[in-house]
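Here's a quick briefing to read alongside the model. Have a look at the structure first, then work through the points below.

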Amino acid sequence: MAKTPTVFIDGEAGTTGLEIRERLLHAGGLEVRSIAPDKRKDPAARKAQMAEADLVVLCLPDDAAKGAVALAAELGSKAPRIIDASTAHRVAAGWVYGFPELDKAQSGKIAKARLVANPGCYPTGAIALLRPLTDAGLMPKDFPATVNAVSGYSGGGRPMIESYEMAKTAPAFELYALGLEHKHVPELMAYTGLTTRPIFVPSVGNFRQGMLVSVPLHLDTLPSKPKAADLLATLSEHYIGAKLVHVATADETAKLSGRLDALALNETDKLELYVFANETHRHALLVARLDNLGKGAAGAAVQNIRLMLEG
């Protein structure tokens with residue numbers, strides 16, 4: 001009888017860790033290992049769990065995630081495979097980026113990898129929209145793109161969650177990272193293929209989860225001066241066969257009557273892509289909708305776990 005794969009979530013008490021654990025327990029087919037609450041910061045106890053696991057998922061702050069990788073490396077040939085849900089390794093050498101739909105080869109790379117960096121929630125939406133366009137040559141790699149995004153407050157971690165749910169001190173809506181130095185920008189550039197630094201404007205709303213990521217375009221600033229239908233066709237072609245990514249047809253988009261609910265995909269692992277347009281003005285708006293805790297975090301991690309353990 002084949003051995004049941006085992007997964008240890010290092011940092012399972014955090015928002016993403018809890019979400020991953022819940023999804024894995026419902027999915028079945030593997031064993032989820034836990035550590036006693038009083039041992040969560042004990043390196044020896046964590047190392048012992050790692051030694052017994054086939055795969056470790058890191059749901060830790062960046063510095064702690066780097067420490068966990070070093071701890072696992074001490075196991076040598078018995079070191080487990082790792083998925084890191086932090087920002088620490090998303091553009092690091094030796095790590096495979098955990099967005100299976102990036103291109104036709106990416107899911108195979110993830111399946112074979114020992115080290116996988118789970119994508120950020122904002123970059124998931126932006127990369128999903130922009131990578132097909134740069135691959136197809138519709139958007140030059142030096143194009144000055146702008147990415148606007150709004151997320152539910154759960155994407156900000158425990159301090160932000162507490163400010164909304166407990167202290168009640170947070171505003172209904174706010175822009176942030178207005179120094180234009182958000183840590184997701186290197187990730188955006190690395191996997192969209194853009195060489196010109198995009199302007200990234202994140203924001204948070206007074207709702208727990210849900211996300212919209214949008215990219216506005218003056219179509220005539222693109223060298224081939226495409227129609228919106230060309231952008232839609234390129235996205236549709238890129239994601240043929242993708243189980244979790246749906247590119248809305250022109251008819252589906254028209255039925256929305258110019259409105260899009262950020263919360264509509266909550267509690268799912270889906271990612272939806274839209275092309276809104278006004279050809280009279282030669283304007284287009286690309287939009288990605290997802291649950292920041294689903295395809296933007298825990299759902300993506302579970303997708304990668306399945307690829308690594310079953311692929």
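Let's start with one side chain: glutamine 106 reaches the backbone oxygen of tyrosine 97, at 2.7 Å. Keep in mind that this is a predicted model.

**Around glutamine 106**
- Glutamine 106 sits in helix α4, which covers residues 106-112.
- Is glutamine 106 buried or exposed? Its relative accessible area is 5%, so glutamine 106 counts as buried, the cut-off being under 20%.
- If you skip its neighbours within four places in sequence, glutamine 106 is in contact with Val96, Tyr97, Phe99 and Pro100.

**The sheet**
- Six strands make up an open sheet with parallel pairing, and their order is β2-β1-β3-β4-β6-β5.
- At the edges you'll find β2 (31-33) and β5 (96-97), each of which pairs on one side only.
- In general, the strands of a sheet pair through backbone hydrogen bonds, either parallel or antiparallel.
- Which residue in β3 is the bridge partner of valine 7? That would be leucine 55.

**Helices against the sheet**
- Helix α10 (residues 294-310) packs on the sheet, where it touches β1, β3, β4 (81-84) and β6 (115-117).
- The direction of α10 makes about 165° with that of β4.
- Helix α2 (residues 43-52) lies across β1, β2 and β3, and α2 runs at about 155° to β1.

Technical notes:
Residues are numbered from 1 along each chain as its sequence is written. This is a predicted model: local features need pLDDT of at least 70, side-chain atom pairs count only at pLDDT 80 or more; totals for chains, interfaces and linings use all residues. Side-chain values use heavy atoms; hydrogens and water are left out. Two strands pair if DSSP finds at least two bridges between them. Helices (H or I, at least four residues) and strands (E, at least two) are DSSP runs, numbered from the N terminus. Contact means heavy atoms within 4.5 Å. Axes are lines fitted to C-alpha atoms, for helices over the stretch in contact, and angles run from 0 to 180 degrees between N-to-C directions. Buried means under 20% relative accessible area, exposed over 50%, partly exposed in between (1.4 Å probe, protein chains only). A polar contact is a pair of N or O atoms within 3.5 Å; within protein, one must be able to donate a hydrogen and the other to accept it, and residues adjacent in sequence count only if both atoms are side-chain atoms.
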